[in-house]
Amino acid sequence: MKQLFGRPNGLTDVLQRYCPGCGHGIVHRIIGDLLIKLNIRECTVGIAPVGCSVFADEYFNCDMIQPPHGRGPAVSTGIKRARPDCIVFSYQGDGDLAAIGTAEIVHAAARNENITIVFINNAIFGMTGGQLAPTTLPGMKSTTSVQGRDIKKQGYPIKVCELLAGLDGPYYLVRTAVNTPKNVINTEKALKNAFVNQIENKGFSMVEILSMCPTNWGMTPVQSKKWVDDTMMKYYPLGEYRNRAKEEK
Amino acid sequence: MSEKKLMYGNHAIVEGVIAAGCRFFAGYPITPQNEIPEFMSIRMNEIGGVFIQTESEIAAINMLFGAAAAGKRAMTSSSSPGISLMQEGISYIAGADIPVLVVNVIRGGPGLGNIAPAQSDYYQATKGGGHGDYFTITLAPNSAQELYEFPKLAFELAEKYRNPALILADGLLGQMMEPVEFTYKPIDPDTLSEPSYALSGCKGRDRRVVRSYDLKPGKLEEMNWQRLKKYQKIQETEQRFEATDCEDADLIIIAYGTCARVCDAAIRMARSDGHKVGLLRPITLWPFPNNVLAGMSKTVRNFLVVEMNMGQMIDDVKLATECRSKIHFHGRPGGGVPTPPEIYEKIQAILGGAR
Amino acid sequence: MPQVKILEEVCKGCGLCCDEVCPVDILILSPNRINSSGYHPAEVTDNGKCIGCGYCFKICPEPAIEVYK
């Protein structure tokens with residue numbers, strides 16, 4: 001029998017330590033698929049962030065580096081400039097990218113650095129146990145906002161695609177989700193674009209992915225995927241925020 | 001004879017870095033080292049190297065982490081507050097056993113301090129600097145010539161031991177002009193072989209991972225013990241120093257960098273008045289030249305440590321001499337630079353007046 | 001005929017594949033099987049109905065699902 005769908009060789013055989021229903025694994029699988037389908041596994045260097053996906057350096061079947069919290073875009077820049085023939089992707093969570101690493105992501109985007117950013121937005125600090133993230137929704141409970149995010153005290157969430165779309169630099173900015181098969185397919189397309197852009201030396205591409213964190217949301221995986229639809233997407237609308245490839249046509 | 005050129009110390013570093021085959025610089029402006037990125041931007045452009053003016057020193061050190069992990073010689077320069085910002089990155093780089101070169105043109109501190117020359121980052125440079133157990137190889141040049149020569153030495157040591165290397169200069173060394181002799185043939189970076197850890201894409205080999213963490217029980221401890229062996233080897237084999245007039249000395253001054261130049265003038269004043277004074281100039285601050293000092297302390301009763309700080313290297317001198325000798329100190333913190341007469345005065349006070 | 005295969009030992013029993021994902025509704029969390037990690041893995045109720053769309057695979061975080069034809 002022919003295998004239609006199965007674990008791609010772009011992933012190692014290591015069993016992933018994410019919680020049941022976590023969206024990281026879905027995005028990992030998509031990237032693992034693309035490393036093979038785009039024939040880039042052997043020239044790719046991936047960046048694993050600090051956070052739940054720190055273990056990504058064990059999961060992606062390519063060269064990997066694990067830098068300080070938030071500095072993925074800077075490390076990516078160093079690798080890409082030192083080895084322009086390598087494909088470089090930085091995998092980052094919302095604490096990593098939108099809190100401690102805000103300066104690095106903004107400036108990498110402004111430079112239109114020819115790298116691919118995979119940004120997992122699950123509105124919470126996962127690994128440290130569910131604290132308020134820069135993306136935590138107004139009213140949403142976290143372990144450091146137990147009454148819910150109070151915009152008077154903790155301010156508003158950061159909408160990263162919209163923020164970066166204010167810059168002239170970035171080539172491709174898109175927000176997708178992985179809570180339904182249809183959204184997963186759209187994420188596959190977006191990530192493919194983000195890697196192809198780099199292969200074609202187009203510049204900075206970021207895919208922001210709304211993803212489930214059932215453990216820290218205090219929900220079942222099934223409740224989580226519905227919450228992404230019903231609540232998260234209202235605050236973080238899906239879609240392309242920049243696509244220079246289309247503008248150029 | 002090789003070519004000689006009158007140069008700023010900060011420009012000499014740039015030529016030294018390029019001659020060492022480095023084609024990657026990332027840095028952020030800060031006085032008194034701005035001549036380095038300015039001149040570097042011109043030179044890298046000429047030779048097709050990478051120059052990035054970063055959004056912060058944090059970004060700079062992490063770009064270095066990336067470039068060096070990719071197997072390329074990479075350097076940054078900054079001054080004290082900027083080096084403080086880099087410490088997290090240096091700790092990660094040390095923990096991942098990756099060689100990089102960081103130049104610190106020290107200024108007066110703490111805080112914003114001032115832009116005058118200082119040596120107040122000695123502890124930071126020689127005791128690790130950031131979090132965790134680690135050391136960085138630290139070189140202390142005292143002339144434009146050494147600023148040209150030490151980048152090559154620093155890269156070689158960094159790569160030999162897979163460890164970050166620092167060059168400690170100060171505003172005075174960086175901004176003075178001296179003749180520099182281009183003593184060695186520039187290295188073509190293409191002739192440097194790819195290191196065993198280099199991230200370059202896993203074609204034809206197993207994939208590589210560069211990281212500083214390990215959560216398996218006991219594994220991180222094991223990694224740290226391994227690194228200690230490396231540090232011990234560096235301490236055994238890489239102590240560098242210059243000893244001037246030490247053979248018959250009743251008093252030996254210990255000073256590095258700018259201070260060593262000032263002290264050199266002071267010992268000449270003292271010698272002309274009949275005082276037997278020598279100068280020991282540590283060239284590696286880590287590893288500190290313990291062995292030579294331990295030997296000297298068996299016969300020399302008085303040592304005078306001169307630093308442009310409140311007294312930091314003096315701790316290492318006391319440890320090396322194991323309390324066998326009397327250790328005196330003359331320091332000028334906050335951007336103060338000692339003069340030969342004030343050091344000579346101190347010499348006279350120690351030795352009990354002119355003979 | 002397409003067939004879906006659950007890698008029981010890899011499955012974490014999250015149930016994402018069992019809820020409004022399968023167009024022919026042939027996936028459930030096993031009520032009685034438990035894998036060595038202590039999870040109730042997903043289970044195929046009627047492989048004869050599988051259309052090979054791969055939706056279950058796409059939503060699976062592990063991935064603990066393979067689809068054959």
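This is a predicted model: local features need pLDDT of at least 70, side-chain atom pairs count only at pLDDT 80 or more; totals for chains, interfaces and linings use all residues.
**Figure 1. An open sheet of eight strands takes in strands of chains A and B.** The order is β8(A)-β6(A)-β7(A)-β5(A)-β4(A)-β2(A)-β3(A)-β9(B). The pairing is mixed. At the edges stand β8 (239-243) of chain A and β9 of chain B, and each of these pairs on one side only.

**Figure 2. Strand β3(A) pairs with strand β9(B) across the chain boundary.** β3 of chain A covers residues 63-65. Two bridges join this strand to β9(B), and the two run parallel. Within the pair, Met64(A) stands opposite Val209(B).

**Figure 3. Strands β2(A) and β4(A) pair inside chain A.** β2(A) spans residues 44-47, and β4(A) spans residues 87-93. They pair in the parallel sense over four bridges. Thr44(A) stands opposite Ile87(A), a residue of β4(A).

**Figure 4. Helix α3 of chain A crosses helix α3 of chain B.** The crossing is right-handed. From α3(A), the contact takes Ala74(A), Val75(A), Ser76(A), Thr77(A), Gly78(A), Ile79(A), Arg81(A) and Ala82(A). Facing them in α3(B) are Ala59(B), Asn62(B), Met63(B), Leu64(B), Phe65(B), Gly66(B), Ala67(B) and Ala69(B). By class, the residues of this contact are ten nonpolar, five polar and one charged.

**Figure 5. Chain B meets chain A.** Here 31 residues of chain B are in contact with 27 residues of chain A. On the chain B side, β2 (24-27), β3 (50-53), α3, α4 (80-95) and β9 (209-210) each supply at least two residues. α3(B) gives the most, with nine residues. The side of chain B that touches chain A divides into 18 nonpolar, six polar and seven charged residues. Two pairs of chains touch, and the most contacts are between chains A and B.

**Figure 6. Chain A meets chain C.** The contact joins 24 residues of chain A to 22 residues of chain C. Four elements of chain A each supply at least two residues to this side: β1 (3-5), α1 (24-37), α8 (181-199) and α10 (221-235). α1(A) gives the most, with four residues. The side of chain A that touches chain C has 13 nonpolar, seven polar and four charged residues. Chain B and chain C do not touch, and their nearest C-alpha atoms are 19 Å apart.

**Figure 7. An open sheet of three strands links chains A and C.** The order is β1(A)-β4(C)-β1(C), and the pairing is antiparallel. The edge strands are β1 of chain A and β1 (3-6) of chain C, each pairing on one side only. From one strand to the next, the twist averages 35°. Two bridges join β1(A) to β4(C), which covers residues 65-68. In that pair, Phe5(A) stands opposite Val67(C). β1(C) and β4(C) pair over four bridges, also in the antiparallel sense. There, the bridge partner of Gln3(C) is Tyr68(C).

**Figure 8. Two domains of chain B touch.** Domain 1 covers 4-200 + 227-235, and domain 2 covers 241-351. Their centres, taken over C-alpha atoms, are separated by 27 Å. The contact takes 27 residues from domain 1 of chain B and 23 residues from domain 2 of chain B. On the domain 1 side, the elements that give two or more residues are α5 (122-126), β6 (137-139), β7 (165-170), α7 (171-175) and α8 (219-237). The largest share, four residues, comes from α5(B). The side of domain 1 of chain B that touches domain 2 of chain B has 16 nonpolar, ten polar and one charged residues.

Terms used
Residues are numbered from 1 along each chain as its sequence is written. Chains are lettered from A and ligands numbered from 1 in the order in which they are written. Axes are lines fitted to C-alpha atoms, for helices over the stretch in contact, and angles run from 0 to 180 degrees between N-to-C directions. A crossing is left-handed if the near helix is turned anticlockwise from the far one by less than a right angle, and right-handed if clockwise. Two residues are in contact if their C-beta atoms, placed from the backbone, lie within 7 Å. Ala, Val, Leu, Ile, Met, Phe, Trp, Tyr, Cys and Pro count as nonpolar, Asp, Glu, Lys and Arg as charged, and the others, Gly among them, as polar. Two strands pair if DSSP finds at least two bridges between them. Domain bounds come from an automatic or database domain assignment.
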